[in-house]
2 protein chains.
Amino acid sequence: MKRTVARPENAHQAALLRLLRERARSRAELGDVTALSRSRLNLELDRLVELRLVEQAGLAASRGGRRSGLVRLSGDLRFAGIDIGATSIDVVVTDGELEILGHLSERCDVRDGPVVVLDQAMEMIAKLGEQGMFTQLYGAGIGIPGPVSFREGVPVAPPIMPGWDRYPVREAVGQALGCPAVVDNDVNIMALGELHSGLARQVDDFLLVKIGTGIGCGIVVDGKIYRGVSGSAGDIGHIRVDDQGPVCACGNIGCLEAYFGGTALAREATAIAGRSVHLGRRLDQTGTLTAEDVATAAEMGDAEAVRLIRDGGRRVGTVLAGLVSFFNPGLVIIAGGVAQLGHVLLAEIRSVVYRRSLPLATGNLPIVLSELGPDAGVVGAARLSSDHVFSAPR
Amino acid sequence: MKRTVARPENAHQAALLRLLRERARSRAELGDVTALSRSRLNLELDRLVELRLVEQAGLAASRGGRRSGLVRLSGDLRFAGIDIGATSIDVVVTDGELEILGHLSERCDVRDGPVVVLDQAMEMIAKLGEQGMFTQLYGAGIGIPGPVSFREGVPVAPPIMPGWDRYPVREAVGQALGCPAVVDNDVNIMALGELHSGLARQVDDFLLVKIGTGIGCGIVVDGKIYRGVSGSAGDIGHIRVDDQGPVCACGNIGCLEAYFGGTALAREATAIAGRSVHLGRRLDQTGTLTAEDVATAAEMGDAEAVRLIRDGGRRVGTVLAGLVSFFNPGLVIIAGGVAQLGHVLLAEIRSVVYRRSLPLATGNLPIVLSELGPDAGVVGAARLSSDHVFSAPR
């Protein structure tokens with residue numbers, strides 16, 4: 001039997017919940033940080049305890065005077081993070097502090113459409129429930145590999161997701177799980193994951209560049225995802241690299257994605273397989289080549305594979321150099337399947353950005369590979385949900 | 001005799017001053033908008049009246065019950081806006097609502113260095129004082145044509161401003177005028193001017209592209225200037241347009257500024273003067289050509305001049321197309337001296353951006369010429385100052 005889950009009733013309660021998400025705190029400390037009067041603070045905290053969002057946790061260490069009561073998020077709070085990829089689903093259940101309690105990963109084909117794929121995701125979450133990880137979820141965040149109208153909670157003409165266009169993902173998941181749901185694209189949830197527990201924890205303004213089948217960018221301004229006016233901010237895969245380049249799937253010429261990313265890399269590897277022992281042998285064995293095959297060949301020292309990665313890195317670097325001059329971020333994180341091409345790719349991207357961007361913009365700019373790996377998306381999806389639930393009612 | 005000017009003492013007072021900057025309001029309306037309790041609101045307003053930042057203005061029209069007291073910004077409030085260009089200084093004095101009370105414009109040469117140029121600006125402001133426009137300024141905003149460390153209030157290695165590097169502009173102006181001062185680059189203050197009284201009044205996220213001697217971009221996110229981590233955000237003049245292009249003053253190859261902007265346009269016009277009747281005649285008369293000569297020739301139908309402008313517009317458009325895909329703004333404003341090349345330039349920029357950016361990003365994207373003209377910078381400088389003064393103490 002699903003019950004309606006409690007939500008904060010005002011901005012003060014929302015701010016307190018976000019502070020407690022970081023760690024348990026004493027009432028005295030919360031008073032200092034929020035600048036609420038003691039009576040107002042206690043009123044709001046007592047109400048949060050009533051709502052079962054917060055619980056007492058004994059007394060804090062003395063700061064000299066009377067010991068202050070310690071409070072923390074309720075141990076019953078649970079959030080779900082769902083990361084739907086082109087060929088995989090990852091789900092996690094977390095506690096209120098967004099610590100992962102359980103993580104499942106399964107193969108899927110996003111082209112099977114929203115009903116099949118979301119059913120599978122719901123079953124995976126149900127499994128975590130059967131393992132005792134939750135009785136009631138307080139919120140769920142979902143990331144999908146395509147453009148999303150964040151406001152409406154639906155995919156918008158996603159190129160690699162036939163059948164998903166404007167499907168009510170947010171509503172469907174929210175109803176299935178009996179809790180508020182939020183939907184965003186895969187790149188934004190990865191950026192939130194890095195902000196929450198990755199390399200970007202101390203950085204207000206940064207970029208996460210995901211190089212997977214396609215190429216996209218998550219933009220964080222002042223610790224929040226920047227989505228742009230129609231929600232398409234960060235869609236950098238179709239920025240022009242060359243006027244004389246190949247025709248892209250979008251119809252334009254010389255787009256970044258027409259040169260690099262999983263799809264382009266597989267195509268180019270097939271074209272040059274005759275010149276590479278490793279790629280040629282692999283193509284004979286399997287009849288098809290993937291970005292992973294290029295990575296393997298490069299690791300084995302295959303010169304043609306290394307050249308493909310270098311060429312791609314140079315083009316990503318060229319686009320990124322312009323964005324770094326424009327945006328002056330504090331950090332650039334490279335992530336996604338093709339990012340596992342690793343340090344050859346990173347070295348080439350760095351070389352171009354450090355040479356082509358303004359010195360003032362690159363003086364203190366780290367460009368790094370993500371360290372979170374497959375956790376970035378699911379943790380970010382849970383964080384997205386927590387940000388949503390721990391916000392003031394409108 | 002200078003006195004220390006009053007400032008808001010807390011965040012509530014700062015918020016009230018910003019609301020009153022828009023227009024006079026009744027106490028009842030301020031209570032609704034700020035959600036402050038009636039007693040707290042009256043306490044803060046009474047304090048602002050004591051500080052002479054706010055004054056009573058009679059009774060508001062009845063909303064049914066007792067008529068509520070009307071309050072407005074004090075009629076004594078005055079702000080200065082100073083816009084220093086490569087060859088001109090503009091100054092304004094405004095009231096608290098940032099209405100311009102007086103505007104002076106004089107020629108100068110920024111290469112004469114900070115002492116000479118700032119002295120001239122201070123004399124211009126003194127003239128407005130002698131005309132009775134103020135007895136005491138509450139704040140001053142200064143825009144300069146080069147990179148600024150906003151935090152420190154100093155120019156940082158500005159290419160066209162010899163002698164200005166790290167000169168304490170903020171401190172010097174603040175001391176001379178006896179009020180808090182703030183310094184930013186020319187592009188950011190123009191963007192603030194557009195936000196305050198130009199085409200961007202209703203737009204939260206927009207770009208202002210200034211095409212003058214060089215090319216720069218003001219970025220507004222959520223109604224605030226986005227400056228990036230080291231303050232260089234928007235520095236788009238050195239984004240790569242072409243690998244085979246001319247060498248830029250910065251040492252790289254194929255930068256946008258190496259192709260377009262006042263300097264590049266003058267150089268190219270001189271190079272092709274032999275093929276153009278208008279440009280050739282002008283060169284014979286004056287021995288040198290400027291961007292203005294190209295504009296005049298284009299207006300007279302000179303095909304070579306029109307071609308120069310089209311080529312430039314195409315390159316600006318190419319860079320802008322990438323930034324529009326990345327940033328998904330709600331509006332792009334083209335401003336600056338070369339923007340006066342007008343509709344030929346605008347048509348070319350639009351054509352490239354609408355063709356090359358993602359449809360989702362350009363669906364509702366107006367690309368327009370600034371309508372504020374030379375007022376944008378000074379109004380923005382005054383607004384910068386007002387934002388600073390009407391903010392909570394740290």
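In the predicted model described here, Ser232(A) touches Arg227(A), Ser325(B), Asn328(B), Leu360(B) and Ala361(B), when residues up to four places away in sequence are not counted and contact is taken as heavy atoms within 4.5 Å. Ser232(A) lies in the loop between β13 (224-225) and α7 (256-259) of chain A, where helices (H or I, at least four residues) and strands (E, at least two) are DSSP runs numbered from the N terminus. With a relative accessibility of 4%, Ser232(A) counts as buried, a term that means under 20% relative accessible area, whereas exposed means over 50% and partly exposed in between (1.4 Å probe, protein chains only).

As this is a predicted model, local features need pLDDT of at least 70 and side-chain atom pairs count only at pLDDT 80 or more, while totals for chains, interfaces and linings use all residues. Residues are numbered from 1 along each chain as its sequence is written, chains are lettered from A and ligands numbered from 1 in the order in which they are written, and side-chain values use heavy atoms, with hydrogens and water left out.

Over all chains, the structure holds 42 salt bridges, each defined as a side-chain nitrogen of Lys or Arg within 4 Å of a carboxyl oxygen of Asp or Glu. One of these joins the side chains of Arg72(A) and Glu55(A) (2.9 Å, N to O); this pair links distant parts of the chain, with Arg72(A) in strand β3 (residues 69-73) and Glu55(A) in strand β2 (residues 54-59) of chain A, 17 residues apart. Arg72(A) counts as partly exposed at 36% relative accessibility, and Glu55(A) counts as partly exposed at 25%.

A salt bridge also forms between the side chains of Lys210(A) and Asp186(A) (2.8 Å, N to O). Lys210(A) belongs to strand β11 (residues 206-211) and Asp186(A) to helix α6 (residues 186-197) of chain A, so the pair ties together parts that are 24 residues apart in sequence. Asp186(A) is buried, its relative accessible area being 11%.

In chain B, the side chains of Asp184(B) and Arg227(B) meet in a salt bridge (2.5 Å, N to O). Asp184(B) is located in strand β10 (residues 181-185) and Arg227(B) in the loop between β13 and α7 (256-259) of chain B, so that distant parts of the chain, 43 residues apart, are linked. Both Asp184(B) and Arg227(B) are buried. Elsewhere, salt bridges that share partners join Arg275(A), Glu304(A), Arg307(A), Asp311(A) and Arg314(A) into one network.
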